[in-house]
Amino acid sequence: MPKACSAVNCPNRDTRENRAKGLSFHSFPKAHELRKKWMLAVNRIEPGSRKLWIPGSGACICSDHFFQDDFEVYGGQKRLKAGVIPSVFSFKVSQCQKREESPCTHTI
Ligand SMILES: [Zn+2]
């Protein structure tokens, strides 16, 4: 089973095809404070308990939910900068934010 992105409504899976497209998958940080910030950013709710979803050991977030500036290249590999929090949770919104000169007409 390939890993899948844990973001709500994100269909991305860690497949060779997606890797070839430049997608990368990033595990939740181990540091407690940062992990919590990720959980809040992801804002996923357990359907049963209605509490904030707690990521399991294999949970990860794909690179669609980060800005280009959030990454650095280290030893030929793309990785997240320290302390970065996923902040892009709609592909359309991220496209709008990149084109600052034209107003965003998408509804969220
Ligand atoms: Zn994703």
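What share of the contacts in the protein with a separation of 6 or more is accounted for by residues 24 or more positions apart?

1. Residues 24 or more positions apart account for 48% of those contacts with a separation of 6 or more, where two residues are in contact if their C-beta atoms, placed from the backbone, lie within 7 Å.

2. This is a predicted model, in which local features need a pLDDT of at least 70 and side-chain atom pairs count only at pLDDT 80 or more, while totals for chains, interfaces and linings use all residues. Residues are numbered from 1 along each chain as its sequence is written. The pLDDT, the predictor's confidence in each residue from 0 to 100, averages 85 over the protein, and 83% of the residues score at least 70. Over residues 91-102, however, the pLDDT is below 50, and this stretch has eight contacts in the model beyond near neighbours in sequence.

3. The secondary structure comes to three helices and four strands, which follow the pattern α-β-α-β-β-β-α along the sequence. Helices (H or I, at least four residues) and strands (E, at least two) are DSSP runs, numbered from the N terminus.

4. Strands E3 (residues 71-74) and E4 (residues 77-80) pair in the antiparallel sense over four bridges, pairing being assigned if DSSP finds at least two bridges between two strands. Glu72 stands opposite Arg79 in E4, and in the hairpin of E3 and E4, with two residues between the strands, Gly75 takes a positive phi near 60°.

5. Of the 108 residues, 13% count as buried; a residue is buried if 20 or more other C-beta atoms lie within 10 Å of its own, exposed if 12 or fewer, and partly exposed in between, with C-beta atoms placed from the backbone. The largest nonpolar core has seven residues, namely Cys5, Ala7, Phe28, Trp38, Val42, Ile61 and Cys62, and helix H2 (32-42) and strand E2 (60-62) are the elements that give two or more residues to this core. Such a core is a set of buried Ala, Val, Leu, Ile, Met, Phe, Trp, Tyr and Cys residues joined through C-beta atoms within 7 Å.

6. Leaving aside neighbours within four places in sequence, Phe28 is in contact with Arg35, Trp38, Pro55 and Ala59. Arg35, found in helix H2, touches Phe28, Pro29 and Lys30, not counting residues up to four places away in sequence. Arg35 counts as partly exposed because it has 14 C-beta neighbours inside 10 Å. The C-alpha atoms of Arg35 and Ile54, which are 19 residues apart along the chain, are separated by 9.6 Å.
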